[in-house]
Amino acid sequence: MSLVVVAECVARPGQEDRLRTALEALIEPSLEEPGCLAYRPYADPNNPGHMVVVAEWAGPEALARHGATPHVHHARQVLDLVLAEPMAVRRLVAPGPGAQGPVAQGPAAQESVAEGLASDGLAAEGLASDGLASDGLASDGLASSK
C-alpha cells in the first residue's frame, strides 16, 4: 500500500526564494530513489512564502530510506535556516476495500517534523556542528541549475 506525504512549509520573510529552491532541488534525486512514486512541491499563488510538498512512496520503508539520504539531510539543514515555523507533515494512505474511519496513518494526521518524522529518519538536526553559513544557496549547494 502506498503512502502519501503532504508537508507544509512557511518561509521566514525574505526567505521565500530559498525555500522554493531547496524544495525544487529535492525533486530529481527523490524521484530517482527506489520506492518514490511521485514528488512535487506546490506554491501558494496568494502567499509565496507558503509551499506544500506532495510525495508518494511505495511504503513506510521507502520513506524512511528517503529520510536517510544525503540530499534530504542537506535540505533539512537549509530548511532549518529558512522556515518560520516547524514543517507540518501528514502521512496518508488510501482506505482499503471496506475500510472505515480516517485515512491518516498513525494516531495523528498532522505532526511536526521533530515529532512525527523522527521515527522515519527525517528529524531535523542542528547546524552548528555542520558549520553551515546562513548566506546564499550557492554555498549551500542548492543553487538552481535552471
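Accessible areas here come from the Shrake-Rupley method with a 1.4 Å probe, and for residues only the protein chains shown count as cover.

**Figure 1. The whole protein, as a predicted model.** The protein exposes about 7,900 Å², and carbon and sulfur atoms supply 56% of that. It has six helices and five strands; helices (H or I, at least four residues) and strands (E, at least two) are DSSP runs, numbered from the N terminus. Follow the sequence along and you read β-α-α-β-β-α-α-β-β-α-α. Of the 146 residues, 38% count as buried (buried means under 20% relative accessible area, exposed over 50%, partly exposed in between, with a 1.4 Å probe and protein chains only). This is a predicted model, where local features need pLDDT of at least 70 and side-chain atom pairs count only at pLDDT 80 or more, while totals for chains, interfaces and linings use all residues. Residues are numbered from 1 along each chain as its sequence is written, and side-chain values use heavy atoms, with hydrogens and water left out.

**Figure 2. The buried side of helix α3.** In α3 (residues 60–67), look for Ala62, Leu63, His66 and Gly67, which are buried. They sit on the same side of α3 because they cover an arc of only 140° around the axis (the arc is that of the directions from the helix axis to the C-beta atoms). Their cover includes β1 (3–10), α2 (27–31), β3 (47–57), α4 (70–82) and β4 (88–92).

**Figure 3. The largest nonpolar core.** A nonpolar core is a set of buried Ala, Val, Leu, Ile, Met, Phe, Trp, Tyr and Cys residues joined through side-chain atoms within 4.5 Å. Helix α4 gives the largest share, six residues. In soluble globular proteins, nonpolar side chains tend to be buried together. Zoom in on Leu19: not counting residues up to four places away in sequence, Leu19 touches Cys9, Val10, Ala11, Gly49, Met51, Leu79, Val82 and Leu83 (contact means heavy atoms within 4.5 Å).

**Figure 4. Glu33, in the loop between α2 and β2.** Glu33 is buried, with a relative accessible area of 11%. Leaving aside neighbours within four places in sequence, Glu33 is in contact with Trp57, Arg65, His66, Thr69 and His71. A polar contact of 2.7 Å joins the side chains of Glu33 and His71 (a polar contact is a pair of N or O atoms within 3.5 Å; within protein, one must be able to donate a hydrogen and the other to accept it, and residues adjacent in sequence count only if both atoms are side-chain atoms).
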